[in-house]
Amino acid sequence: MSLPGIAQRADRVSFAPNMHVSPPSAPDATPGLAEARAVLRATFGHPDFRGPQADIVTHVAAGGDALVLMPTGGGKSLCYQVPALLRKARGLGTTVVVSPLIALMQDQVDAMRQIGVRASFLNSTLDARTVRATEQALLDGELDLLYLAPERLAMAGCQDLLERASVALFAIDEAHCVSQWGHDFRPEYLQLSVLHERFPRVPRVALTATADPQTRDEIIERLALHGARVFVSSFDRPNIRYTIVDRDEARSQLLRFIRDEHPGDAGIVYCLSRRKVEETAQWLQTQGIDAIPYHAGMDAAARAAHQARFQREDGVVVVATIAFGMGIDKPDVRFVAHLDLPKSIEGYYQETGRAGRDGQPADAWMSYGLADVVQQRRLIDASEASDDYKRISSAKLDALLGLCETAGCRRVRLLSYFGEEAGACGNCDNCLDPPQTWDATEAARKALSCIYRTGQRFGVGHLIDVLRGHDNERIRRWHHQTLSVYGIGTDLSDQEWRVVFRQLVALDLAQVDHGAHGALQLTEASRPVLRGECSVQMRRLVVRPRGGRGQRGGGGRDAPGRAALAAGLSGAQAEVFARLRAWRAEQARTQSVPAYVILHDATLAEIAQRAPTTIDALADIGGMGAKKLERYGTELLELLQLETED
Ligand code: ADP
Ligand code: ZN
């Protein structure tokens, strides 16, 4: 199954095949572009726009309505922040940003103030005095940006306030929250249609990372954005490396992955159940990983505290159910690991998309086994939903299993699901280390015969015992040692048979009967295989040597992880990078803002690499805008000088 859409609606969209490498798409002659670039450089310290940003910014700054669909990490914020500054400079007023992520507003505002943008927010967390002061600042025209919670905007008083103030632009972030189909639905978002009625002359830009055509149409409909220009970016996230490993010991595989690839890095580990979240977090702690749990069963205060720690500190690993996600806006999450299979490719894409928003290398890692397939199928069968819904869920699961079992490029598979074509990426496990496939026809026939001869009443464990000719109480009780299939499978190990059965289920050559404790049964599709009328190709089980991919290993808890290493830093540079991070942690503590609000990893890595000795050289580094230079420039140069004198 694939989601049609992106390509088909090309009449309304501008499509950037690969937004991270494509040159700025608008020529300098575009009205307003030079001005926009100047703001980008001076205030944000970025040398240029990425992909469609230039088009979006000039369109929005000129007063056009827009709907922006861009993957997480694509750089949506700049699409309203730069227009906000441009429009303010033209005397058009303040840009109002509507966002449901109340917990993040303080951080967003802090990040803006760090670069000299006059930003404030209004939400339910503020006391009356602060609210009044902020309202006054707005009326006095002293704000470039005002962040607003949607429930506040729905209040009549707030709309009156905006009418008295001068509003230059409405930016509606996380616009998919208007979709009643989606899991992030917010009833208050439905009220945002009043913006169009009460402020017909104020342009609006809606932004979201949710790509499917249904949600897109719903946003246009509900926000009355019919005349808006729609900008769709490629949904590729080239900096994310996709890896799906055959599960053998999930926990130790996870630990090895974190230790080898991401010591000291921030990451998210997703599990399906609350209990598994708690247990995994505890276990990781005993292994010296700074891990904390997060799930909907925890009380609100503990949840908020854990989220805040993850958001604000360096190198915290959150073990979570999918309740953790919305409201995470941390650019330097270096890995997302799945211990359980997500429900669909959309879910997988969204969850893994939380890694590497800063564009630096990041990992999406998953451990995958037969139990996942069984469990997900059971969840679908046992649900009370309509048959239609079950059919859709089941098709979605199949698409995801296809991604897990493929021997081809994961990214090609992922993007084709979203209607995009791509070539092999060179940055997924299958590209880097192509799996072998083998002719599994004979094995499949043995396995299917075994299911059939034992009466389609047994689970995988017993079936493997029969095939391998094991002797135990159960075998004897059922007289299975007398069957023709007994002991015909000694050529494969238990683990290899497990993978064979998993692939049979994934390929729909066998199915799981949940009524009978996971007994395997034949399907229609299994008959031609049993009759020898078709062949079966399978991916060979890959057992990676201990120590994973090796070269990156080493390092204790404080060693810089993938961020530094993959940026190609030498040993000495990596040390400088580690000191810069320590300096940043100190700054973050004294100013009580998240570390990345001070400077991003990418910026620190570039500083470590280029070792600038003058303010001018420092200014050339991505992320060093005028304000940051003024604030931290001298200190950074002194720190670097100490490093070289050491
Ligand atoms: P999104 O909201 O789409 O997930 P953000 O707006 O948070 O993405 O941006 C993601 C990251 O990319 C941020 O760290 C931001 O600083 C960086 N970024 C965005 N645009 C640019 C650009 N033109 N040049 C360099 N970095 C950029
Ligand atoms: Zn690939």
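**Ligand 1 and the zinc site**

The shell around ligand 1 is made up of three nonpolar, eight polar and five charged residues. The model is predicted.

Me: How many residues surround ligand 1, and which are the closest?
Reply: There are 16 residues around ligand 1, and the closest are G73, K76, S77, R357 and H600.

Me: What does R357 do there, in terms of distance to ligand 1?
Reply: A polar side-chain atom of R357 sits 2.5 Å from an oxygen atom of ligand 1.

Me: And which backbone atoms come in?
Reply: For G75, a backbone N or O atom is 3.0 Å from an oxygen atom of ligand 1. For D48, a backbone N or O atom is 2.9 Å from a nitrogen atom of ligand 1.

Me: How much of ligand 1 does the protein bury?
Reply: The protein buries 84% of the 560 Å² that ligand 1 exposes when taken alone.

Me: Switching to the zinc ion (ligand 2). Which atoms coordinate it?
Reply: The SG atoms of C409, C425, C428 and C431 coordinate the zinc ion, at 2.3 to 2.4 Å.

Me: How are those donors spaced along the chain?
Reply: The donors of the zinc ion follow C-x15-C-x2-C-x2-C.

Me: What geometry does the site have?
Reply: The site is tetrahedral, with angles of 101 to 118° among the four donor atoms. The ideal angle for four tetrahedral donors is 109.5 degrees.

Me: Why does C425 count as partly exposed?
Reply: Because its relative accessibility is 25%, and partly exposed covers the range between under 20% (buried) and over 50% (exposed).

Me: What about C431?
Reply: C431 has a relative accessible area of 23%, so C431 is partly exposed as well.

Terms used. Residues are numbered from 1 along each chain as its sequence is written. Chains are lettered from A and ligands numbered from 1 in the order in which they are written. This is a predicted model: local features need pLDDT of at least 70, side-chain atom pairs count only at pLDDT 80 or more; totals for chains, interfaces and linings use all residues. Side-chain values use heavy atoms; hydrogens and water are left out. Donors are N, O and S atoms within 2.8 Å of the metal (3.2 Å for Na, K and Ca); water is not among the atoms, so sites may look incomplete. Four donors count as tetrahedral if all angles lie between 85 and 135 degrees; four count as square planar and six as octahedral if opposite donors are over 155 degrees apart and all others between 65 and 115; anything else is irregular. Buried means under 20% relative accessible area, exposed over 50%, partly exposed in between (1.4 Å probe, protein chains only). A residue is near a molecule or strand if one of its heavy atoms lies within 4 Å of it. A polar contact is a pair of N or O atoms within 3.5 Å; within protein, one must be able to donate a hydrogen and the other to accept it, and residues adjacent in sequence count only if both atoms are side-chain atoms. Accessible areas come from the Shrake-Rupley method with a 1.4 Å probe; for residues, only the protein chains shown count as cover. Ala, Val, Leu, Ile, Met, Phe, Trp, Tyr, Cys and Pro count as nonpolar, Asp, Glu, Lys and Arg as charged, and the others, Gly among them, as polar.
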